[in-house]
Amino acid sequence: MSYSGVKQPEFDTLVARHTTAALQLEDLAAMLHGELSAAGLSTEPALRIRAMAKEVSAEVDDLRRRQRIVQEMERMKVVYRECTPDGTMIAVPDSTAAAQGFLDGTLAANAAVAASRGDKAALAKLHGYANRAKDPEFVKVFLAKLGAKGITELPAALGLQVRANVTSQRDPQQIEQVKQVMKLLSTALAKGTDPADEAYMGQAYLDQLVKEGRAEHKALEVTYVGYQAQALIWRASEGKPPFSKRFMEIVGRDVVVHQKELSDSRGPYANSLDLATVLGISDSMQPGGPRMGQPGEQIKASVIDDLSQAGRFSSPAAQALLFHTPKGWTTSIMEYLLTDRLDGFNHTRNQAPFAGLLQKALSGKDKESLTHTNEALILLKEELDGVVGRGADGKLEILDRKKLDRMSFLSGPMGMIMAAHVDKIFGVFDDKTPELKDVDRAEMDRLLLFVGRDEAATKALVGAEVERMLLKVQESYRRDGGESLNEVLIPEARFMGHLLETRRLFLLSQATSDGQAKEEMKSLISGVLSEATGPVGKLATRFGFWGDKAHEKLTPMGFDKLSAFLTDRLMKEGLSADSALQEAGNDREMAMWMVHKMVLSSSIANGQWSRSALEDAKGSPFATNNDPPKLKPLDEIVADPETFDKFIEWARWHTKVESSTQTVKEAMDNSALFDVHSNLGIERY
């Protein structure tokens, strides 16, 4: 925010004189114009005076605007006065928007101070400024007036009031107001510590947050470390806006280092719980996003849990925190949190924020994401050593339930991360020189078994592989009309076998019956199909969201989009009508059903039909009367459901999709029933 300085009453006098001068110049221009016109002389001098009068009038408007700002600021008693050799100057923001931000920011900060002392009216007033938190002018003044010390101590003061409320006569309105104020603080702090935001407060403010975060503070009888109170601001983040990379570089990294120092010291703050948990009011100070902790249990949160909540909305921020190795450390923050700090996450049972942080940091397509995903997989495989193995009956058995439970919350996020890097996971099983290092096939199967504990993660992995398979089918038809289909699909089918069988084996290790496991696996494939198809499905994004009018645009559509459109159409219809899908004996047969649809769709999109196939189409509603007949435009074929059904039956027969993919099916079965079991050292069952 920039300012101009003015003196009173000289400024009011200046405005009045400028107003008079503008009016006099305008009158002079009018009189002179009349005299010159009457004398038959050029009116150019009068026009120049009139232009000068307009310029002065514009200056008058600007001066009056500034005068109104000064008057409002003086009325609100929020002026900045500076004594100079020329007198006392009043700082005036250069725009009305800046002035409004200055006024509101100052008043909000004043209300915050009063609210921290227990003034309920001030708390209600502060709550009323919640919608101003995205205004950079407001944020700058608000944060500047409170300072790093005030922003640290305000959550503690409000928390104590919430505790008093909860232990006496509960006032829901006050609790809701406090929660909204915490969101205000979170938004303001995220903006004020982001160098890319107009509200950025500068490096010095970040440094002060660190200083106050490490310092010991006291409110009434409660003594706390500053980060325990700042954490209540982070936990209220909804990611709109997210905390920045710079915040994590300066504050976030120091938080983790400081928390480790406290833990190692075994001092009074070694448990690292945030202030809401210490005060017993976590349930009354919910974060901005989904509910923390476990359903049905009282919320417990550590400072690092809350920091993870703040960092989980931005990849640069998450990576800046996790991929850093602090001075004097031999491991990165990510490695520390994934190993030594695991018990801390399990202590609070509030693992979702860290899971989200990890997933955000590692799911990108950038080189750093892949490098650190590789590191995370190596760490995880080492932690999984001895957890599962061969039981007395030769089947898979969980050998160390306690160790598995300790890591269990990582199965979901790590599965999602692996799905984001499905090409690299595939490479471990197929490539001679895979990009992922130091993870062999047997170890990858154990990792897949671990993430197979989580249905959503398995679904994401299988869904990602379905998309891969479609690309490979399309690649084969582009390259040689489908001649190389088996060569490209066999390794994909083997990989699909690994994904499906590790999930099935985990289900069976949980004492699930064969019948139950089979139904759960079939349900999983149905879920993948549902997510892949439809107006907002993954396949639909390949050809555009056209809905029922898609046929109108088929004629100019390229091969890839047309193939994806037809695959989507056939799979979607098959979910409710295709007998082969409904009669599939297991998950692998359902997966092969999907492969059939991909092959058939790509063959149709390729459009290369033999003469005998076209002869066989004679008299069909989808063919012309030529000799030999030709296929009608796909737009027409797709537009009529009955014609489309007959066309698909004809196409299935002449692509011989079932017989051409038999080898692919065998590859998937062999991979699931032999390779996976061999890698895990168990019998086939």
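Student: What is the relative accessible area of R349?
Tutor: This is a predicted model, in which local features need pLDDT of at least 70, side-chain atom pairs count only at pLDDT 80 or more, and totals for chains, interfaces and linings use all residues. Residues are numbered from 1 along each chain as its sequence is written, and side-chain values use heavy atoms, leaving out hydrogens and water. R349 is in the loop between α14 (342–348) and α15 (352–362); helices (H or I, at least four residues) and strands (E, at least two) are DSSP runs, numbered from the N terminus. With buried meaning under 20% relative accessible area, exposed over 50% and partly exposed in between (1.4 Å probe, protein chains only), R349 is partly exposed, at 36%.

Student: What is the phi of R349?
Tutor: Most residues other than glycine have a negative phi. R349 is not a glycine, yet its phi is positive, near 55 degrees.

Student: Where is the cis peptide bond with omega near 5 degrees?
Tutor: Most peptide bonds are trans. The bond runs from K240 to P241.

Student: Why is the pair of W234 and F247 edge-to-face?
Tutor: Rings of Phe, Tyr and Trp (its six-membered ring) pair if their centres lie within 6.5 Å; planes under 30 degrees apart count as stacked, over 60 as edge-to-face and the rest as tilted. W234 is in helix α8 (residues 226–234) and F247 in helix α9 (residues 245–265), 13 residues apart, and both are buried. The ring centres are 6.4 Å apart, and the pair is edge-to-face because the planes are at 75 degrees.

Student: How many residues apart in sequence are F622 and W650?
Tutor: Both F622 and W650 are buried, and their ring centres lie 5.5 Å apart with planes at 45 degrees, so the pair is tilted. F622 is in the loop between α28 (611–616) and α29 (634–639) and W650 in helix α30 (residues 641–655), so the pair ties together parts separated by 28 residues.

Student: How far is the backbone oxygen of G364 from a polar atom of the H421 side chain?
Tutor: H421 lies in the loop between α18 (411–420) and α19 (422–430) and is buried, at 6% relative accessible area. Leaving aside neighbours within four places in sequence, its contacts (heavy atoms within 4.5 Å) include L362, G364 and T373. The distance from the G364 backbone oxygen to the polar side-chain atom of H421 is 3.5 Å.

Student: How far apart are the end C-alpha atoms of helix α7?
Tutor: The expected span of a helix is 1.5 Å times one less than its number of residues. Helix α7 (residues 203–214) has 12 residues and should therefore span 16 Å; in agreement, its end C-alpha atoms are apart by 17 Å.

Definitions and conventions: A polar contact is a pair of N or O atoms within 3.5 Å; within protein, one must be able to donate a hydrogen and the other to accept it, and residues adjacent in sequence count only if both atoms are side-chain atoms.
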